[in-house]
Amino acid sequence: MTGSTTALSPSRRGLHVITWGCQMNVYDSARMSDVLRPLGYQSVDAPEAADMIILNTCHIRDKAAEKVFSELGRLRKIKEARKEEGAQTIIAVAGCVAQAEGQEILTRAPYVDIVLGPQTYHRLPEMVARAARAGGAVIDTDFPAEQKFDFLPDAAAPQTPGNYTAFLTIQEGCDKFCSFCVVPYTRGAESSRSVASVLAEARRMAESGVKEISLLGQNVNAYHGEGPDGTVWGLAQLANALATIPGLSRLRYTTSHPRDMDDALINAHRDLPALMPFLHLPVQSGSDRILRAMNRGHTADEYRDIVRRLRDVRPDLALSSDFIVGHPGETDEDFEATMQLVRDVTFAQAYSFKYSPRPGTPAAGAPLQVPEDVKDARLQALQALLRQQQDAFNAALVGQTIPVLFTGEGRKPGQIAGRSPWLQPVHVSGPRHLIGQELPVRITERLTNSLGGTLVEETVYA
Ligand code: SAH
Ligand code: SF4
Ligand code: F3S
């Protein structure tokens with residue numbers, strides 16, 4: 001890179017962030033923007049207008065690395081076109097592919113300036129300075145001893161003014177080493193933020209108008225943060241403290257692992273009205289044999305039992321889940337056990353995937369890989385059943401009155417839109433000044449991926 005000294009003058013610079021992957025990446029992208037703001041970087045929509053482009057990547061499935069290289073090819077063209085006009089562009093690759101394949105990225109895409117892993121984005125300003133000074137690529141995929149959260153500026157919350165919902169990462173990494181999964185290798189060991197730092201961020205969010213916070217973590221219910229009293233707090237204790245913050249009326253957490261669904265957390269669903277009655281609890285498979293091969297650490301019946309206990313304390317609780325079909329060794333019988341679990345539990349929503357071998361994970365080298373056409377057929381059958389259950393869940397809401405948190409304008413003029421306790425988008429006719437409020441809505445229709453309704457006390461609000 002050339003022209004390094006002018007590159008860091010504190011004038012306004014354009015920043016374009018491309019985010020793939022999970023909600024933690026969404027959160028990370030926002031925080032990377034926060035750390036770059038003091039350097040003058042401001043978000044721009046078009047990559048062509050950006051002095052810096054960050055590609056925040058995901059490694060979880062499919063041809064993750066190939067997708068990154070093809071996107072980088074596109075960014076390279078933008079960088080070259082800008083260079084012809086005399087403008088510099090810093091390209092940074094962040095996230096889980098950067099962590100897993102950092103060196104490979106620098107070799108195959110030498111026009112990339114910065115490669116950084118998920119645990120080092122607090123060092124981004126320093127990396128930008130180094131890239132500018134040295135004129136060479138900078139790579140930082142350490143798992144540093146310090147916690148990045150202790151070194152980040154306060155999150156600019158809400159990241160966009162007028163946001164009534166926000167993500168807050170409280171836990172990262174994973175020690176569970178499921179047979180199929182790259183996360184323990186890309187995100188590192190489990191670690192939790194302190195209670196004080198989580199509460200401080202949540203309070204700032206609430207003060208700026210956020211009503212609903214989704215707590216994030218790869219294993220969010222394994223949270224074990226240092227409490228203000230010096231003891232270790234679990235998620236239930238943290239949720240209790242968060243529920244006392246004025247203005248915060250809704251709490252969610254994702255993603256949970258069945259093994260960490262303890263009594264305290266189940267009881268929190270009974271005791272805290274702010275905890276939304278919607279839980280994403282991935283099960284992956286309904287076959288004990290496959291669950292064992294996956295190293296999930298629980299049986300299908302143990303999962304059924306957790307769901308039963310949750311519904312005992314919170315009867316309106318609905319579930320969402322993740323499924324993998326075609327894990328090595330999965331037979332027709334194993335797959336049928338998954339279908340049976342779905343029939344028994346019933347899900348309001350779900351994500352299902354074909355098993356995708358990840359280099360370096362135990363399952364990738366396991367014998368009895370399932371042929372692609374078998375995976376396809378199983379995925380189709382599973383998705384048809386899950387779709388049926390989702391439709392039935394949504395249909396059952398028609399005629400009911402439910403609380404909706406309005407978050408913005410609707411698709412059609414005169415409409416406002418919000419989300420139900422179960423995360424469905426809901427549209428109603430109503431005035432804009434109701435945005436930001438949680439109000440009762442009578443659901444009148446079910447659309448493909450959302451619900452339509454009417455404000456219960458329309459005349460009062462109009
Ligand atoms: N921590 C969460 C999951 C994180 S990854 C948990 O333990 O449930 C999100 C989802 O991606 C997983 O639940 C799984 O269903 C899917 N997934 C992960 N690795 C995969 C792979 N190799 N092939 C297909 N799907 C995978
Ligand atoms: Fe991956 Fe398993 Fe950890 Fe979830 S619990 S992140 S699936 S290793
Ligand atoms: Fe993807 Fe990394 Fe998240 S692999 S799912 S971005 S933790």
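Guide: We will take a few labels and test each one; keep in mind that this is a predicted model.

Visitor: Why is the pair of Phe-177 and Tyr-185 called edge-to-face?

Guide: Two cut-offs decide it. Ring centres must lie within 6.5 Å, and planes over 60 degrees apart count as edge-to-face. Phe-177 and Tyr-185 are 5.5 Å apart, centre to centre, with 75° between the planes. Both tests are passed, so the label holds.

Visitor: What makes Phe-177 buried, exposed or partly exposed?

Guide: Its relative accessible area is 37%. Buried means under 20%, and exposed means over 50%. The value falls in between, so Phe-177 is partly exposed. Tyr-185, at 38%, is partly exposed too.

Visitor: What about Phe-323 and Phe-347: how do you know how their rings are set?

Guide: Look at the angle. Their planes stand 90° apart, and the centres are 5.5 Å from each other. The limit is over 60 degrees, so this pair is edge-to-face.

Visitor: Where in the chain do these two residues sit?

Guide: Phe-323 belongs to strand 15. Phe-347 is in the loop between helix 12 and strand 16. They are 24 residues apart, and the pair links distant parts of the chain.

Visitor: Why is Phe-323 called buried?

Guide: Its relative accessible area is 0%. Buried needs under 20%, so Phe-323 qualifies. Phe-347 has 2%, so that residue is buried as well.

Visitor: How do you know that Lys-67 sits over the ring of Trp-20?

Guide: Its charged end is 4.3 Å from the ring centre. The distance limit is 6 Å, and the charge must also be within 35 degrees of the ring normal. Lys-67 is listed as sitting over the ring. Arg-61 lies over the face of Phe-353, at 3.5 Å from the ring centre.

Visitor: Why do strand 17 and strand 20 count as paired?

Guide: Pairing takes at least two bridges. These strands have 5 bridges, so they pair, in the antiparallel sense. In one of the bridges, Val-404 has Leu-439 of strand 20 as its partner.

Visitor: What joins strand 20 to strand 21?

Guide: Again 5 bridges, and the two run antiparallel. Arg-446 is partnered with Leu-451 in strand 21. The two strands form a hairpin, with 4 residues between them.

Visitor: Which kinds of residue make up the shell around ligand 2?

Guide: The shell divides into 7 nonpolar, 3 polar and 2 charged residues. Among the residues around ligand 2 are Cys-174, Phe-177, His-257 and Arg-296.

Definitions and conventions: Residues numbered from 1 in each chain as written. Chains lettered and ligands numbered in written order. Predicted model: local features only at pLDDT ≥ 70, side-chain atom pairs only at ≥ 80, totals over all residues. Heavy atoms only, no water. Near = heavy atom within 4 Å. Nonpolar A, V, L, I, M, F, W, Y, C, P; charged D, E, K, R; others polar. Phe/Tyr/Trp six-rings, centres within 6.5 Å; stacked < 30°, edge-to-face > 60°. Buried < 20%, exposed > 50% of the residue type's maximum accessible area, 1.4 Å probe, protein only.
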